[in-house]
Amino acid sequence: MLYPAYYSYKAVKTKNVKEYVRWMMYWIVFALYTVIETVADQTVAWFPLYYELKIAFVIWLLSPYTKGASLIYRKFPSSTSFFKGKGD
């Protein structure tokens with residue numbers, strides 16, 4: 001959690017819009033992941049390698065090489081429209 005927090009802070013401080021948008025997408029996807037994870041922990045935690053897969057998924061989300069959070073954010077327009085207000 002320190003890596004994304006630090007780079008989010010850095011993006012805000014340097015006013016780098018590209019990085020700011022990237023980290024905002026990460027935090028939105030991570031918040032949705034956290035909600036899903038709460039249910040999944042209670043239902044499929046028995047699955048072999050479940051915790052290892054969770055760690056790998058979070059690393060994939062925040063990796064600058066894979067840009068997983070950006071991919072998920074852009075792939076599912078219904079999840080992004082959820083955050084848009086009526087005036088947007």
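E37 is buried, with a relative accessible area of 19%. Here buried means under 20% relative accessible area, exposed means over 50%, and partly exposed lies in between (1.4 Å probe, protein chains only). The model is predicted: local features need pLDDT of at least 70, side-chain atom pairs count only at pLDDT 80 or more, and totals for chains, interfaces and linings use all residues. Residues are numbered from 1 along each chain as its sequence is written, and side-chain values use heavy atoms, with hydrogens and water left out.

E37 forms a salt bridge with K54. The closest N and O atoms of this pair are 2.7 Å apart. A salt bridge is scored when a side-chain nitrogen of Lys or Arg lies within 4 Å of a carboxyl oxygen of Asp or Glu. By this rule there are three salt bridges. E37 lies in helix α2 and K54 in helix α3 (residues 50-62), so this pair ties together parts that are 17 residues apart in sequence. Helices are DSSP runs (H or I, at least four residues), numbered from the N terminus. K54 is buried as well, at 15% relative accessible area.

K54 also forms a salt bridge with D41. Here the closest N and O atoms are 3.0 Å apart. D41 is partly exposed, with a relative accessible area of 29%. Through shared partners, salt bridges join E37, D41 and K54 into one network.

A further salt bridge joins the side chains of R22 and E19 (3.4 Å, N to O). Both residues lie in helix α2, three residues apart, about one turn of the helix. R22 counts as buried, at 15% relative accessibility. E19 counts as partly exposed, at 26%.

The surface was also examined for patches. V12, V17, Y20, V21 and M24 make a nonpolar surface patch of about 430 Å². Patches are made of residues with over 30% relative accessible area and no salt bridge; nonpolar side chains (Val, Leu, Ile, Met, Phe, Trp, Tyr) are joined within 5 Å, like charges within 9 Å. Accessible areas come from the Shrake-Rupley method with a 1.4 Å probe, and for residues only the protein chains shown count as cover. Helix α2 (residues 17-43) gives the largest share of the nonpolar patch, four residues. V21 has its place in helix α2. V21 is partly exposed, with a relative accessible area of 38%.

Methods
Helix = DSSP H or I, 4+ residues; strand = E, 2+ residues; numbered from the N terminus.
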